[in-house]
Each structure stands twice: as C-alpha cells, then as structure tokens.
Amino acid sequence: SGYRPPARFRERFAEPYDGPIDGTTEQIIRIERGEMKINDRDLQHLAGLYDAEIASGDAQFGRLLQHLRAGGLLEKSVIVLLADHGEEFHDHGGLFHGLTLYREMIHVPLITRVPRATTGARLSRVVQIIDVGPTVLELVGIRDPRNHQGRSFARLLAGEADPEQTGRAYSELLEDPIVDAQLHPKQHVAAVTTERWTYLAGRGG
C-alpha cells in the first residue's frame, strides 16, 4: 500500500512539495531497485508521508480506545500496540523493509496496558513479538495448551524479575518469491539482538 495517508495527516507531516514522489509501493520499489533516483528533498518527503501514515494509524487506534471507554470495557481490557517491522530511509543505503535486519527494521514499538495498572514504566528489557501471545493469555488467565516458541513477559510488566526472559531477540528474513523477484537480494538471513548489540548473519554466513 506504500505511504498514502489521508490528506489531513499528509498536510500536517509532509511539507509542501512539488517533486515526483507519490509514496506508492510501485514507486518505492523502483527507487530501491535503482530505476529511479531521488535527492534529499525527495527522501524527506517520503519520510514525511510515512510519519503521516503512522499518525493516521494512531488516530484510528485512539478511536478504538474511545469505543472501549464508552462501552465500559477499557478498564477490563488488555491493550497491546505493536508494529511488525520498521522501515528504512537510507539509514543503511536502502528504502522500504524486508531486505535487512538492522535495528531500524527490528526495534519496533511495543506498548502494553493492563487493567488496574496505576503507573506506567518504560522497560529496557529486550522481548520478542512472539512473546506477545503467551503474555496476553497469561494476563487474561487462560492456560494455553499449545507449546509456544515465545515466553510470557507478564512478570516484567508487574515489575518482577523473570529468568526465563533472556534479554535476547531472534529475527529472520524468510524467502518470499514475490517480493524477492521485485527487490534486491536480501542482505541478511538472521539476527540476534540484545540491549547493546545486534549480531547479523548474512547470506553465505
């Protein structure tokens, strides 16, 4: 879908621009493949469109919270907001996502709100997206019979130490024939991330 935010968000986050960038996926792929050259002004506009998309999504999430509050359900609900991946804007020379496992791709927002929580806290402990499912099930008191790869971080949310949370996150880039046919070959195949380091494994080791 590219970066095509509603006008009211585009006007707020993307400065006036009369260049060729329209934010479509097709155009972004052309840029990534080297078929279309862009300058710093074009890149700034593209990033502004992306920010506007995030703001648009944030507004829709706010509508959901309002609906839950109006129905008396907010204080009974576990709320989780997260992203599946980040995006690159020439941080390491590329655009889009799905080709590398640098931090701008894999360090994503994860915000959790649990019923009866009285204060908020920012945790530095590294967890994984696959940990979210087991965490939500534990928070709502459901015993999951399946053997999840992920591990609940509910104890961390409660401010407790959790030896089962190793502080490491594992990431992979899987083969996707459709995407791979349109973009450059993937630079990385796997990564291990800690609070301080990221180890990247490229093609061929």
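Is Arg33 buried, exposed or partly exposed? Arg33 is partly exposed, with a relative accessible area of 39%; here buried means under 20% relative accessible area, exposed means over 50%, and partly exposed lies in between (1.4 Å probe, protein chains only).

## About the model

This is a predicted model, where local features need pLDDT of at least 70, side-chain atom pairs count only at pLDDT 80 or more, and totals for chains, interfaces and linings use all residues. Residues are numbered from 1 along each chain as its sequence is written, and side-chain values use heavy atoms, with hydrogens and water left out.

## Salt bridges

Let us start with charged pairs. Side chains of opposite charge can pair when their charged atoms come close. A salt bridge is a side-chain nitrogen of Lys or Arg within 4 Å of a carboxyl oxygen of Asp or Glu, and the whole structure has four of them. One of these joins Arg33 to Glu35, with the closest N and O atoms 3.4 Å apart. Glu35 counts as partly exposed because its relative accessibility is 46%.

Another salt bridge links Arg113 and Glu75, whose closest N and O atoms are 2.9 Å apart. Arg113 lies in strand β4 and Glu75 in the loop between α3 (40–70) and β1 (79–82), so this pair ties together parts 38 residues apart in sequence. Helices (H or I, at least four residues) and strands (E, at least two) are DSSP runs, numbered from the N terminus. Arg113 is partly exposed at 33% relative accessible area, and Glu75 is partly exposed at 46%. Glu164 and Arg151 also form a salt bridge, with 3.7 Å between the closest N and O atoms. Here Glu164 sits in the loop between α6 (154–157) and β5, and Arg151 in the loop between α5 and α6, 13 residues apart.

## An aromatic cluster

Next come the rings. Rings of Phe, Tyr and Trp (its six-membered ring) pair if their centres lie within 6.5 Å; planes under 30 degrees apart count as stacked, over 60 as edge-to-face and the rest as tilted. The whole structure has three aromatic pairs. In one of them, the ring centres of Tyr3 and Phe89 are 5.9 Å apart and the planes meet at 45°, so the pair is tilted. Tyr3 is in the segment before α1 (7–13) and Phe89 in strand β2 (residues 88–89), 86 residues apart.

Tyr50 and Phe89 form a tilted pair too, at 5.2 Å centre to centre and 55° between the planes. Tyr50 lies in helix α3 and Phe89 in strand β2, so this pair ties together parts 39 residues apart in sequence. Tyr3, Tyr50 and Phe89 make up one aromatic cluster. Both Tyr3 and Phe89 are buried, and the relative accessible area of Phe89 is 17%.

Strand β6 (residues 188–193) pairs with β7 over five bridges, and Thr193 has Thr198 in β7 as its bridge partner.

Ala121 is found in the loop between β4 and α5, and it counts as exposed because its relative accessibility is 71%. Leu123 is in the loop between β4 (110–113) and α5 (132–139), and is partly exposed at 46% relative accessibility.

Conventions: Pairing = 2+ DSSP bridges.
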